[in-house]
Each structure stands twice: as structure tokens, then as C-alpha cells.
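Visitor: I'm new to reading protein models. Could you walk me through a few features?

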Amino acid sequence: MVVLEQLNNFNGMVAFGAALCSVSINRLKSSKSRLDKEKQVVYEHFRKICMDDNRQTAIRAKMRSVNPPCVPFPGTYLTKMFFVEEQNKTFVKDREKEAHSEGEKDSPDITKSKRLISFVRCRKVAEIIKELYLYQSQQYMLRAEPSILVGFIFFIFF
């Protein structure tokens, strides 16, 4: 859990938190009580960030405070995009068409006017994608562990 937080891997943190909140793990209350104090404090800190509220305010605040590189939790961005899609229509009403339809009802060429795209909605979606891209604009500077790499190559060829 601490390593995921150090690497700013919020997707891994939420996945790990979901596993710890599963029913089978949650029933292990006697095992949790036997953990030493350090691990209980780390678990409580982790629970506050990932699992306390349904709106994910703590994890969003934590994501805003870190420097890239980062693996953001995509659920927050999907939720934002869902609400933008629901609250804003794809097309806006044509004001000229409405004005003419009130005054003249039998004009056929006015009713065939073009539909106008809502650029407000497009801008909001673009801002969400830009924020997501910002977190992934830099690469992690990690080295491959040679012992794991050798074992992996051995596993592939044999």
C-alpha cells in the first residue's frame, strides 16, 4: 500500500482497497486485531484516502497535490465525463429556427436548418482529458530488476 502511494499509483491503491473491503477479508476481524500498531496506522491512513466516501474527494485531493508521473484512478474521470454528458446536450437549439417557427409555420426551408454543436460540452470533455493526460505526460524512472527479468525470460523459453 505504501509503495503504491509512493509511486502515485492511485488506480492500484483503489484496486487494493476494493480487495481489502471484500466480504471475505472484512470477516477477518480477529486477524486485523493482531496486526502491530504501525500496520494498523498505515491501514487507517490508506482507508481514509481510498475507501471512506463515495464521492472520492480524498483521492481527488491527493491526486491534485502530487507531481507527475502518476497513474490516476480512471473512475473519477469517468464519473466527471458521465455528468458532463448528462448535464449538457450534444446539440444546442437554433435560436433563428425557434424565432421563425413561432412566426411562420409553413416555411419549409427554415425547418431544415443545420443543428449546432454545443462547444461548451466539448470544452468540458477536453478539460477532463487534458487533466488526465497531464498526469501521464512524464515517465517513471524505474529500473528493471535483473533477478526477476532472468526468471521471466527462463519462464518464457522453457
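Visitor: What covers the buried residues of α5?

Guide: First, the ground rules. This is a predicted model, where local features need pLDDT of at least 70 and side-chain atom pairs count only at pLDDT 80 or more, while totals for chains, interfaces and linings use all residues. Residues are numbered from 1 along each chain as its sequence is written, and side-chain values use heavy atoms, leaving out hydrogens and water. Helices are DSSP runs (H or I, at least four residues), numbered from the N terminus. Now, the cover of α5's buried residues includes α1 (2-6), α2 (10-20), α4 (29-33) and α6 (57-65), with contact meaning heavy atoms within 4.5 Å.

Visitor: Which residues of α5 are buried?

Guide: Buried means under 20% relative accessible area, and exposed over 50% (1.4 Å probe, protein chains only). In α5, Tyr43, Phe46, Ile49 and Cys50 are buried. Looking down the helix axis, they fall within an arc of 125 degrees, so they line one face; the arc uses directions from the axis to the C-beta atoms.

Visitor: Why would they line up?

Guide: An α-helix has 3.6 residues a turn, so residues three or four places apart point the same way. On the face turned away from the buried side sit the exposed Lys37, Val41 and Lys48.

Visitor: And where is Thr76 found?

Guide: Thr76 belongs to helix α7 (residues 74-87). Thr76 counts as buried because its relative accessibility is 4%. Leaving aside neighbours within four places in sequence, Thr76 touches Gln56, Ile59, Arg60 and Met63.

Technical notes
Helices (H or I, at least four residues) and strands (E, at least two) are DSSP runs, numbered from the N terminus.
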